[in-house]
Amino acid sequence: MDIKIDTAIDPVCGMTVKLGAGKPTLNYKNDDYHFCAQRCHDRFEADPYFFLSGANKRQVKAAPKDARYTCPMDPEIIQDGPGTCPICGMALEPMGGVPDGPNHELIDFTRRFWVSTGAAVPLLILTMGPMLGLPIREWLGEQTARYLEFALAIPVILWAAMPLFARGWSSIKTWNLNMWTLILLGVSAAFGYSVVALFFPQLFPEPVRDAGGFVPVYFEAAVVIIALVFLGQMLELRARERTGDAIKALLDLAPKTARRINEDGSEYDAPLENILVGDRLRIRPGETVPVDGIVLEGNSSVDEAMITGEPIGVEKTEGASVTGGTTNQNGALIIEAQRVGGDTTLAKIIDMVSSAQRSKAPMQKLADRVAGYFVPAVVGAAIIAFIAWTIFGPEPSLIYAIVSAVSVLIIACPCALGLATPMSIMTATGRGAQMGVLIKDADALEQMARVDTLIIDKTGTLTEGKPVLSDVVSFGKMSEDELLGIAAALEQNSEHPLADAIIKGAQKRELKPGSLDGFEAVTGKGVQGTLNGKKVGLGNAAMMEHLGVSGDAESDAVTALRSTGKTVMFVAAGGEISGMIAVSDPIKATTPEAIRALHASGLEIIMATGDSEATAKFVGAELGIDMVHAGLLPEAKKALVDKLRAEGKTVAMAGDGINDSPALASADVGIAMGSGADVAIESAGITLLKGDLAGIVRARNLANATLSNIKQNLFFAFAYNAVGVPIAAGILFPITGMLMSPMLAAAAMSLSSVSVISNALRLRTVKL
């Protein structure tokens with residue numbers, strides 16, 4: 001008896017699907033699969049193997065950062081989902097830095113701006129027309145014109161301005177007084193007064209009314225203020241989108257798919273989010289490396305300019321590591337995925353840039369404290385202006401009092417003050433990312449401009465960090481190639497850090513090491529064995545003593561090589577020292593010029609290294625470094641940083657190794673070389689993708705430019721308020737006979753914000 005099956009399991013989400021109900025289906029390798037919805041169908045169609053192999057069950061889904069939102073001006077505010085900041089009232093932004101979809105706040109504010117502008121234009125024509133010779137109010141009649149003004153203002157005040165009023169009310173409830181407090185008070189005062197004046201003119205004394213018995217109204221001021229505030233907000237939101245260009249550019253470096261090679265040998269382009277650690281991926285010429293991995297097969301040249309800043313491709317063969325976002329140039333590679341999703345180098349770079357853009361600099365915290373006193377002071381100034389005009393002003397003194405109070409509230413809105421630091425920080429961190437300088441937080445950027453002492457590690461920072469063969473010296477009985485051949489034969493089984501330099505040196509001379517018997521490593525001394533029946537050895541003077549060979553291990557030639565910072569090893573063969581081999585860690589080509597530039601910027605440069613004193617002093621003298629400390633353990637490096645800070649110096653520490661991480665964390669500014677250890681990068685406030693000192697020069701220049709830009713912005717903001725508030729209060733009235741209208745006050749307030757935004761965006765083109 002046949003049993004009819006009328007349900008199936010969705011291979012993507014695991015839900016039960018009723019057959020024959022019009023649900024999506026897909027035939028794959030002669031099997032039919034059924035899905036609960038089109039989305040599951042499309043995901044399966046894009047990557048069948050991922051779901052059929054059970055790989056989807058091994059996928060670790062991290063909570064998307066875009067699901068959490070934070071305030072750009074108060075980063076301590078974090079919540080799930082969008083909303084407004086309880087401190088400053090600004091709309092929260094996704095923590096991922098760049099939202100996937102459109103900016104809904106910008107769309108909403110643009111709509112409200114056009115509604116406000118649509119009401120403001122006829123209102124201005126109604127109120128300003130008579131001054132320009134247009135008798136519009138005469139045609140309509142004064143009472144009708146005033147009712148029309150009220151009708152035009154209603155949709156703006158009761159709908160368009162609601163988000164602004166909500167922020168203002170929130171600021172009062174939480175007592176975090178800010179620009180929205182002043183907008184709420186100023187606009188409410190202008191509109192509320194005008195409504196009372198329109199409908200209850202009898203409440204006002206006779207001197208306030210004109211010849212027709214009408215009391216002046218300021219509907220147009222309230223509406224134009226709202227329109228101008230929305231204009232300023234639109235400009236700011238668009239500027240914020242522009243500061244995210246660097247993050248968008250970084251996001252665009254990663255491909256959307258990766259060509260996975262499945263266990264059955266089939267391959268196709270799978271969505272990047274489905275790639276798991278251990279997957280084998282094919283990277284064809286010209287394609288972008290999708291994730292961090294290690295090469296299993298193939299040879300190619302990879303453009304790693306994203307990481308190193310160098311346009312020259314890096315050769316990749318079996319065992320080499322590749323980084324997601326870099327570009328494969330001329331050969332095909334098969335790699336094994338090692339870091340995927342949020343663990344890739346590119347994802348960490350994006351996180352650092354995004355986090356830095358949200359962080360607050362110490363100068364911003366000062367501005368916040370000032371703003372906390374500033375708003376109550378402005379409200380007090382508005383009250384004083386109102387009282388002074390009421391008592392001492394000419395008739396109609398009440399009108400003058402209201403106009404001056406509202407103008408003070410509007411012109412003093414601290415928009416520019418609030419934007420001064422965040423805009424500069426956001427723009428600067430984006431610019432730094434483009435130049436390979438990753439800023440972890442705003443504090444590091446500001447401190448970098450104040451640094452007067454720079455401590456640098458030697459190996460990997462000043463030097464390449466990869467020893468190379470520099471000298472082969474024969475003592476006469478055998479050729480240099482024979483000497484090097486013995487050394488290579490001994491080192492091909494060694495794990496000593498210098499072994500690789502000797503083997504590569506032999507390969508460069510096309511020497512093939514012979515077969516060694518009886519290999520033995522003698523701890524702290526060297527290696528020995530038997531080559532072609534002859535006992536041979538390689539190592540230091542103690543190794544030569546251990547072997548009991550004859551020869552001079554302390555000649556002038558040996559001393560000369562050591563004095564240039566080279567490591568000398570002796571080669572023994574046939575019962576005597578046959579020659580010596582020297583290995584050096586070459587100084588990076590960019591280091592000398594960078595040292596000169598750092599000295600020119602006023603920095604004292606100190607080398608702190610675990611290397612020998614002779615090597616350290618040679619490198620220090622070669623580069624003109626001010627002070628050299630050699631033979632330091634990690635705790636000694638940290639102690640040096642602490643000592644200098646205790647002396648009142650502002651210290652930056654640059655390093656690339658695990659041994660540098662305590663000192664990096666202890667310094668005022670830690671600078672990690674991107675080529676170094678992950679723990680060093682985590683301990684630092686600044687990371688240089690290209691691990692050389694030229695990056696420190698760029699970071700210093702960026703910090704100086706940013707601090708200067710912040711100071712300019714704060715000057716604009718404070719100077720504007722210092723001048724604007726007295727003028728709005730009417731200080732020039734005795735001279736000019738004119739009082740600033742709330743409308744002009746709103747225009748001046750928006751103009752100050754625009755000036756700060758424009759000045760901050762100049763950092764996008766600063767030369768580093």
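## A pair in helix 23

K638 has a relative accessibility of 33%, so it counts as partly exposed (buried is under 20% relative accessible area, exposed over 50%, partly exposed in between, with a 1.4 Å probe and protein chains only). Its partner is D642: the two form a salt bridge, with the closest N and O atoms 2.9 Å apart (a salt bridge is a side-chain nitrogen of Lys or Arg within 4 Å of a carboxyl oxygen of Asp or Glu). D642 is partly exposed too, at 30% relative accessible area.

Both residues sit in helix 23 (residues 634-646), four residues apart, about one turn of the helix. Helices here are DSSP runs of H or I with at least four residues, strands are E runs with at least two, and both are numbered from the N terminus.

## About the model

Bear in mind that this is a predicted model: local features need pLDDT of at least 70, side-chain atom pairs count only at pLDDT 80 or more, and totals for chains, interfaces and linings use all residues. Residues are numbered from 1 along each chain as its sequence is written, and side-chain values use heavy atoms, with hydrogens and water left out.

## Other salt bridges

There are 22 salt bridges in the structure. Another one joins K643 and E647, where the closest N and O atoms are 3.0 Å apart. K643 is partly exposed at 49% relative accessibility, and E647 is partly exposed at 47%.

Then there's E267 with R282, whose side chains meet at 2.9 Å, N to O. This pair links distant parts of the chain: E267 belongs to strand 9 (residues 267-271) and R282 to strand 10 (residues 280-283), 15 residues apart. E267 comes out as partly exposed at 24%, and R282 as partly exposed at 26%. Both residues also belong to a salt-bridge network that links R259, E267, D269, R282, R284 and E287.

## Helix 16 against helix 26

Now for some helix packing. The axes of helix 16 (residues 442-450) and helix 26 (residues 693-729) come within 8 Å and cross at roughly 100°; axes are lines fitted to C-alpha atoms over the stretch in contact, and angles run from 0 to 180 degrees between N-to-C directions. The two helices are therefore roughly perpendicular to each other (65 to 115 degrees; under 35 is roughly parallel, over 145 roughly antiparallel, the rest oblique).

On the helix 16 side, the contact (heavy atoms within 4.5 Å) involves L445, E446, M448, A449 and R450. Helix 26 brings I696, A699, R700, L702, A703, N704, T706 and L707. The contact residues split into eight nonpolar, two polar and three charged; Ala, Val, Leu, Ile, Met, Phe, Trp, Tyr, Cys and Pro count as nonpolar, Asp, Glu, Lys and Arg as charged, and the others, Gly among them, as polar.
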